[in-house]
Amino acid sequence: MAEVRKKILVIDDEDDIRLVVSTRLERVGYTTVVASNGREGLRLFYNDRPDLVVLDIAMPEMDGWQVLERIREMSNLPVLMLTAAAQERDKVRGLRGGADDYITKP
C-alpha cells in the first residue's frame, strides 16, 4: 500500500520564498501546492484540501489576514503564518485570528 504524503499549501507572493519553502518541504517528504496571492490560495485550499497552510500576510488581491479569516470560518486546519511583519502587534493579531504559529522571515 502506498504511503499517503501530507499536502502543504504555501501562499506567498514572493517567488523565491515559495520556491525555497516548497522545495524544503518536498525534500522531507511532503507534497506542496503553491499560490502567489490570497485569492488563488483560497481556491487551492477549497480544491486541494491540504493538511497545513503556510501563509504570508502582505499579498496582492487578498491579504493573509483575509485568507486566515476565511479559512477559520470553515476549518480548524493548521495555519502557519510566515511573514516579514515582525512587530509584536502583528504576531498577536495572527495568533488571536486563529493562526497556529507565527514565524517571521529573516
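This passage describes the fold of the protein chain and then some of its loop residues. The model is predicted.

The protein chain contains four helices and five strands. From the N terminus, these elements follow the order β-α-β-α-β-α-β-α-β. The C-alpha atoms occupy a box of roughly 45 × 30 × 25 Å along the principal axes. The radius of gyration is 13 Å. A compact globule of 106 residues would have a value near 13 Å, so the chain agrees with that expectation. Of the 106 residues, 42% are buried. The accessible surface amounts to about 6,500 Å². Carbon and sulfur atoms contribute 49% of that surface. Among contacts with a separation of 6 or more, 57% link residues 24 or more positions apart.

The five strands build an open sheet. Their order across the sheet is E2-E1-E3-E4-E5, and the pairing is parallel. Strand E2 (31–35) and strand E5 (101–104) are the edge strands, and each pairs on one side only. From one strand to the next, the twist averages 20°. Helix H1 (residues 15–27) packs on this sheet. The contacts of H1 are with strand E1 (7–11), E2 and E4. The direction of H1 makes about 170° with that of E2.

Strands of a sheet pair through backbone hydrogen bonds, in either a parallel or an antiparallel sense. E1 and E2 are joined by five bridges and pair in the parallel sense. Within this pair, Val-10 stands opposite Val-34 in E2. Four of the five residues of E1 are buried, so the strand is largely enclosed by the rest of the structure. Strand E3 (residues 52–55) also runs parallel to strand E4 (residues 79–83). Three bridges join E3 and E4. In one of these, Val-53 has Val-79 in E4 as its bridge partner.

Asn-37 lies between E2 and helix H2 (38–48). The relative accessible area of Asn-37 is 11%, under the 20% cut-off, so this residue is buried. The side chain of Asn-37 reaches the backbone nitrogen of Glu-40 at 2.8 Å. Beyond its neighbours within four places in sequence, Asn-37 is in contact with Ile-11, Met-59, Pro-60 and Glu-61.

Glu-61, one of these contacts of Asn-37, is itself a loop residue, placed between E3 and helix H3 (64–74). The relative accessibility of Glu-61 is 56%, over the 50% cut-off, so this residue counts as exposed. Most residues other than glycine have a negative phi. Glu-61 is not a glycine, yet its phi is positive, at about 70°.

Arg-49 also has a positive phi, of about 45°, although it is not a glycine. Arg-49 is located in the loop between H2 and E3. With 66% relative accessibility, Arg-49 counts as exposed.

Definitions and conventions
Residues numbered from 1 in each chain as written. Predicted model: local features only at pLDDT ≥ 70, side-chain atom pairs only at ≥ 80, totals over all residues. Heavy atoms only, no water. Pairing = 2+ DSSP bridges. Helix = DSSP H or I, 4+ residues; strand = E, 2+ residues; numbered from the N terminus. Axes fitted to C-alpha atoms, helices over the stretch in contact; angles between N-to-C directions. Contact = heavy atoms within 4.5 Å. Rg over C-alpha atoms; globule rule 2.2 N^0.38 Å. Buried < 20%, exposed > 50% of the residue type's maximum accessible area, 1.4 Å probe, protein only. Areas by Shrake-Rupley, 256 points an atom, 1.4 Å probe, with all protein chains shown as cover. Polar contact = N/O pair within 3.5 Å; in protein donor to acceptor, adjacent residues only side chain to side chain.
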